Amino acid sequence: MPNGREFHSSVLIDNKLYFSGGFINNSVNISNEFFYLDVSKPFTTTDNVSIPWIDLTYTGGPQKYSATACIGGKNNHMIFIFGGGTPLGVNQSLVNQFDTNKQQWINITSIGNVPTNRSDISCANFVNGLIAIFSGVVSGVITNDFWIFNTLTLTWSLSNAINAPLPMFGYCAVTLPNGNILYIGGYIYNISDYMAMNNLLLYNTKSDTWTNMSISGPTPPARRTFSAVLTSDGCIIIFGGYNSSTILGDLWILDITMFQWSIGKILNPIVNLTLYGHTATLVEDYMFVAFGEFRIQNYSSKIFMLDVSRKDFYKWVTEFTPNTTTTTTTTTTTTTTVTTRSSNTSSDSKNTSIIIGAIIGSIISLIIFVIASILTLKFIDKHVIYSY
């Protein structure tokens, strides 16, 4: 079982949910732990032994907190960890790259203009192996620069958009189905205030422009260091976060077709479940909420799973069954169907045997009838002769 932690990073690749770094032991130690949860296997969160954790710390991962992770590379098999705070006196590179095929870290030598290291950011993937990095805390100072990292060439480029938003951190970046990036929440450094949740920032990746999106519906409380995932039915789910010394445990849904907020309906809410500094990842139809801080100096070592398969309500669950098992089940069902068909074939064979038997019986009966008729005619013929 991994230690409880907060401000770690996570990313999903090939049925493996990877986690890196974060604060452990009451914000005293910065972890270099690197491990994954094998979500190709079924498990129960209430049974620690059944949870398939795999430790990769021996590979020598970075020692960071408040970093962010995205996938990239030619076949999207690389993990890129950007930014993050480090222990005093420890110099870490802005980008750390992990090859999931070779299970090893790769040193990156970026070419050309490179941004300064930063923390409290959220990276976002978009087309052609590109990853967007916006603002964040840079040595106690926050700038509103917007950078794009090319995971194929390992090069950086700086956005020239003149209408960039104010410097901010602690937000969530979500790539929409059309390729644009929506920025939700966060703390605005220059005015010492939270970003309003009914006025979200949209970056157009094609035109390199920013737009303020007015959101209808009830407005969620402002927050930072929360989580956000995009579901397959066009909704963004946000959970938890921090606001003015308050740790939140509410769940909200943003419909990206109408850009409208609504309060998430959970069939079986968990009493007093409040978290910030956690991560959330969509695995099939489940939102995996991992680690984070329950209360001040009380870290979570748990995985909470929210079933989001039904749009009218969600449900917390403790058992996870992956689609790989579902596929096996489907195969079993198919086998059962085949077996059922075999039973039907057997019945058909019996019916065919009965029909053939009936035909043979009819033929035999006909032969007997013909023979009887011949004998009868001979008998009649004899009697006719004798009568004369």
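## Pockets in the predicted model

What is the volume of the second largest pocket? In this structure, which is a predicted model, the second largest pocket has a volume of about 240 Å³. Its lining is made up of 16 residues, and those closest to the centre of the pocket are Thr45, Lys302, Ile303, Phe304 and Thr318. Two elements, strand 33 (303-307) and strand 34 (315-317), each give two or more residues to this lining, and strand 33 provides the largest share, with 3 residues. Sorted by class, the lining of the second largest pocket holds 9 nonpolar, 6 polar and 1 charged residues.

The largest pocket, by comparison, has a volume of about 1000 Å³. It is lined by 36 residues, and Ser10, Ala69, Cys123, Ala228 and Ala280 are the ones that lie nearest its centre. Several strands supply at least two residues each to the lining of the largest pocket, among them strand 1 (9-13), strand 8 (68-72) and strand 29 (279-283). The residues of this lining divide into 20 nonpolar, 15 polar and 1 charged.

Strand 8, which contributes to the lining of the largest pocket, is mostly covered, since 4 of its 5 residues are buried. Strand 8 pairs with strand 9 (residues 78-82) in the antiparallel sense over 5 bridges, and within this pairing threonine 68 stands opposite phenylalanine 82 of strand 9. The hairpin formed by strand 8 and strand 9 has 5 residues between the strands, and in this hairpin glycine 73 takes a positive phi near 90°.

## Strand 30 and its two partners

Why is strand 30 (residues 286-290) described as largely enclosed by the rest of the structure? The reason is that 5 of the 5 residues of strand 30 are buried. Tyr286, Phe288 and Ala290 point one way from the strand, whereas Met287 and Val289 point the other way, and all of these residues are buried.

Strand 30 pairs with strand 29 in the antiparallel sense over 5 bridges, and here alanine 290 of strand 30 is the bridge partner of threonine 279. The hairpin of strand 29 and strand 30 has 2 residues between the strands, and glutamate 284 takes a positive phi near 55° there. Strand 30 also pairs with strand 33 in the antiparallel sense over 5 bridges, and in that pairing the bridge partner of alanine 290 is isoleucine 303 in strand 33.

Methods. Residues numbered from 1 in each chain as written. Predicted model: local features only at pLDDT ≥ 70, side-chain atom pairs only at ≥ 80, totals over all residues. Heavy atoms only, no water. 1 Å grid on protein atoms, 1.4 Å probe; cavity = no way out; pocket = protein on both sides within 12 Å on 5 of 7 lines; lining within 4 Å. Points joined across faces, edges and corners; volume = space filled by probe spheres on them. Nonpolar A, V, L, I, M, F, W, Y, C, P; charged D, E, K, R; others polar. Buried < 20%, exposed > 50% of the residue type's maximum accessible area, 1.4 Å probe, protein only. Pairing = 2+ DSSP bridges.
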